[in-house]
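Here is a short report on one structure. Look at the sequence and the model first, then read on.

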Amino acid sequence: MADLRSNFLGIKSPNPFWLASAPPTDKEYNVRRAYEAGWGGVVWKTLGEDGPPVVNVSGPRYGAIHGPDRRLLGLNNIELITDRPLEVNLREITSVKRDYPDRALVVSLMVPCEQEPWEKIIRRVEETGADGVELNFGCPHGMAERGMGSAVGQVPEYIEMVTRWVRNATRMPVIVKLTPNVTNILAPAEAAMRGGADAVSLINTINSITSVDIDTFAPEPTIDGWGAHGGYCGPAVKPIALNMVAEIARHAATAKLPISGIGGVTTWRDAVEFMMLGASNVQVCTAAMTYGFKIVQEMISGLEQYMDEKGFSSLDEIVGRAVPNVKDWNELNLNYVTKAVIDQDKCIQCGRCYAACEDTSHQAIAMSEDRVFTVKDDECVACNLCVNVCPVEECITMKELPLGAVDERTGRKVEPYLNWPQHPNNTPDNCGWDPDPAEPVQ
Amino acid sequence: MHNDQLTPGIEAGRLSADQIAENFADLHPPLNDHEALVAADRCYFCYDAPCTLACPTSIDVPLFVRQIATGTPEAAARTIFDQNILGGMCARVCPTETLCEEACVRETAEGEPVQIARLQRYATDRLMDAQPYTRAAETGRKVAVVGAGPAGLACAHRLAMKGHDVVVYDAKPKGGGLNEYGIAAYKAPDDFAQAELDWLLKIGGIRVEYGRKLGDDLTLASLQKGFDVVFLGMGLAGVNKLALDGAHPGVENAVDWIARMRQSPDKTDVPVGRNVVVIGGGMTAVDAAVQSKLLGAETVTMAYRRDRAAMAASEYEQDLAASKGVHILYNAAPKALGAGAITLARTKTSNGALVETGEEIELAADQVLLAVGQTLAGAPEILALDGGKIAVTGPGRTSVAGIWAGGDCASGGEDLTVTAVAEGRDAAEDIHAHLMGEA
């Protein structure tokens, strides 16, 4: 039986599924129920400095993107950090941690960009018995306008500076939460490392406007006729998050930096994907907000079954396993040839593959008078679009041509690995890639 | 033989073997992978889900459906079996239209519930090779279970899991109870009841003795003496009597006819009347009527003395019967039998009482199947009864210490496979607590 126990920076939890710092973790009532439902850990919703708490809007805080059947695909929020008094949060954190010593409890923090407030709040958090802190350099709305959140996360020098203040002020594990609202995630990750962070967590939410009310001419969520950009999250952001996690995991300078993966984790499979790209654990928010805390049961049973089927006994066998396979484009094998194959037994003859290929791609699918769809191997470039638009699982698959087989499209035999730097077409005149062949990766 | 639908009397072989095989094929064939994903995708993962609340065994439906949707039907099967070890059979025979699927919020929203039963079958079919549970360390305690039907088997399995030794006694030559001898053949084809029984027994620690009926050489006193605890789940072996004027050679209790029919492997040797009249309005009546029709009876009439709203068979079952060509006659009470015919009195409900209108009809009837309810037979006298069944309180405790009961023979709950499983399981938990000195 697979062992799901997780050890992240010495913070132990019975499974790698943590709730991210967000509304679900804003108070003791929620966090206790989350633990009872099976969550391995919780990052408490971001605390601010002592004093009058922040004030949230009392109109809609969320906007959503729905798929068919109103499946929630993306969620945007304009909620700020906790609006409850610091003392109340600290008291509750102390109480919960005392009652659930086997679960992870990390406290998210965001105070003004000065040394003293950070040192002050760190001391208070240490008194609670919490397992660690997460520095919120990510929230893109509201707090950023006050010089906090992503306003820090977008300036590597600030990240380094604040991280160092915290690093020097505590022996607790320090996780730096990164904003994706940057052009290159490596700069903030390296800055966090230089500042002494034990780990990074990412991604925080993405600047967004989810929709516009076309009757009132206002962006949503709409507050008294106006709207502001908010932070986007949920299944829709997962691909962006996966890439950023992978970038950090495969970059030499940050490769050893532990990562807590965040961004649209909805099923056990999503979690495995994040972990394979280098995350040691995952944090979940939107899925819990959509389906309730109970969803963790599926994540646990799914991960268990997957690990048992693969013969993995611990999470270490998953974490980072796909990282060596993430490459730059110019390392990919240009001699790798596949062709789409349509399984006629599974085909329901909707013609979506035909529309996609005929209208927008390579005219590589034939349609007979009686609606039989077949791939023209002499036209198919294996773009995969037909696979992606087909509504039936495994109906269209890509078949790899073996070495020596003839690609009917080019008339050439399939040859061994060759990447772009090695390719004869890569000449100095041919727009600028390094003509020196890269080391083959195989 | 060259019989056909018009051959007079009660005869076998009215339809070709191929036709009969087609007629008795799976009523709800298994979902394929694509169908299962599409069906599972419709579940909303409701909070404190109405489907789960409607399930007598409290299967966590949203969780198992999500496990299917996320590509782990085996985990889904575990979720089901944790609550209901006969989840495979229940997926096939549960009247879900009055249970989980009636409660489904998509039934409310669109009149089209998530296909919970078929998804349950999709999941459970994946774990029917190896028994997924193992026994706890043996406790040395012994429990006798009377009846290898759903209640007895659910009880025995749970007790075996807890490490107790179980001996199951069943009056019939095969186990499964009504799953083997009663349920309509097209709901559990391919000998599923026996396959499930074999699978269930693989847990070990359970010995089954067939042909052992309580009351013959097997007395409750001897069981009490030989075992730490006795669980009674022998079902309802008796039938209600219906006194009718006249005589008719083709009158039979529907349960007996169905049991015989169920034991025929290909059904080509099962005699059925050209004109069949089934008396009753419950599931047994529907099963008898539909299967008569599927065997090639020319006309099948289900005569029920009350109106449609009072009928015990669900609307779904009534529609199924109608779709197979069964004519359902409401407000028609049997009155007299004659040569190849039955006379029925038309009735109506007047001031809450059922009265005859004075009008009578006569139907041609080569065969008359009586499905007017089953009764407890051979209950040991030391047990208190309640409404003609063994009186139980809580998780199946009878009036006698050390004896538990569940399933159709026990008071409370509907007479359904799924209810019997729940009662057998809950009794086992209570028995376990008792044996381990916790209750």
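Two strands pair if DSSP finds at least two bridges between them. Helices (H or I, at least four residues) and strands (E, at least two) are DSSP runs, numbered from the N terminus. This is a predicted model, where local features need pLDDT of at least 70, side-chain atom pairs count only at pLDDT 80 or more, and totals for chains, interfaces and linings use all residues. Residues are numbered from 1 along each chain as its sequence is written, chains are lettered from A and ligands numbered from 1 in the order in which they are written, and side-chain values use heavy atoms, leaving out hydrogens and water.

**A sheet in chain A**

Ser208(A) stands opposite Gly230(A), a residue of E14(A). Strand E14 (residues 230-233) of chain A pairs with E11(A) over three bridges, in the antiparallel sense. Both belong to an open sheet of four strands, ordered E5-E6-E14-E11 in chain A, with antiparallel pairing.

**Glu79(A)**

Glu79(A) sits in the loop between strand E6 (72-77) and helix H2 (86-99) of chain A. Is Glu79(A) buried or exposed? Buried means under 20% relative accessible area, exposed over 50%, partly exposed in between (1.4 Å probe, protein chains only). Glu79(A) counts as buried because its relative accessibility is 9%.

The side chain of Glu79(A) also makes polar contacts. A polar contact is a pair of N or O atoms within 3.5 Å; within protein, one must be able to donate a hydrogen and the other to accept it, and residues adjacent in sequence count only if both atoms are side-chain atoms.

| Side chain | Partner side chain | Polar contact |
|---|---|---|
| Glu79(A) | Lys45(A) | 2.6 Å |
| Glu79(A) | Arg61(A) | 2.8 Å |

Contact means heavy atoms within 4.5 Å. Not counting residues up to four places away in sequence, Glu79(A) touches residues including Pro23(A), Tyr62(A) and His141(A).

**Trp165(A)**

Helix H5 (residues 156-169) of chain A holds Trp165(A). Trp165(A) is buried, because its relative accessible area is 14%. Leaving aside residues up to four places away in sequence, Trp165(A) touches Cys113(A), Glu114(A), Gln115(A) and Trp118(A).
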